[in-house]
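Please look over the model shown here, with attention to its overall fold and to the way its parts meet. The briefing is arranged by topic.

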Amino acid sequence: MLLEKILDKYPQKEESLIEILLEFQTAKNNHLISNEEIKTIAEYLNLSEAKVCSVISFYTFFRVDQKGKHIIQVCQGVPCHVASDINVVKILEKELGIKVNETTENGQFTLQYTSCIGQCDQAPAMRIDDKTYTNLTLNKIKAILAEYRVYMQ
Ligand code: FES
């Protein structure tokens, strides 16, 4: 398989990640990286899928499969983790009925990880498209999603 052939060429180190992603995306006909492929790359490099996803989200030239109308990016930076007594990703996964890097069936939302979005003093934070949301709580996340859902109707 194409991905396995590419992986064989690189040492199993984190430093190989960007080069693997670049070569694979270029070699792949549709230029999109699927969830399954992210998992394979993460396993090969002994990294978490969240780490691979955050690199993909950070560099705009990488693209994942199936993008929804709204892209929700949850900050995975250390300050956001430490400051948070809620699990933002778990809440969003439950509310949307999808996992990270998936898109809702209605095509409205894609959920992704991202690295620091520069709002550490108001952690936890996430971004939806170009808008940043901070000091997240369970109720705030629900209210934000409800706002977007109103505009869907
Ligand atoms: S670590 Fe989350 S905004 Fe900086």
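The points below go from the whole chain to the contact between its domains.

This is a predicted model, and the protein in it is divided into domain 1, covering 2-58, and domain 2, covering 70-152. Its secondary structure comes to seven helices and four strands.

**Overall dimensions and packing**

- The radius of gyration of the protein is 16 Å, which agrees with the value near 15 Å that a compact globule of 153 residues would have.
- Along the principal axes, the C-alpha trace spans about 45 × 35 × 25 Å.
- Of the 153 residues, 25% count as buried.
- Among the contacts with a separation of 6 or more, 63% are accounted for by residues 24 or more positions apart.

**Order of elements**

**Contact between the domains**

- The centres of domain 1 and domain 2, taken over C-alpha atoms, are separated by 24 Å, and the contact takes seven residues from domain 1 and nine residues from domain 2.
- On the side of domain 1 that touches domain 2, the elements giving two or more residues are helix 3 (35-45) and helix 4 (49-58), and helix 4 gives the most, with five residues.
- By class, this side of domain 1 has four nonpolar and three polar residues, while charged residues are absent from it.

Methods:
Residues numbered from 1 in each chain as written. Predicted model: local features only at pLDDT ≥ 70, side-chain atom pairs only at ≥ 80, totals over all residues. Domains from an automatic or database assignment. Contact = placed C-beta atoms within 7 Å. Nonpolar A, V, L, I, M, F, W, Y, C, P; charged D, E, K, R; others polar. Rg over C-alpha atoms; globule rule 2.2 N^0.38 Å. Buried ≥ 20, exposed ≤ 12 C-beta atoms within 10 Å, placed from the backbone.
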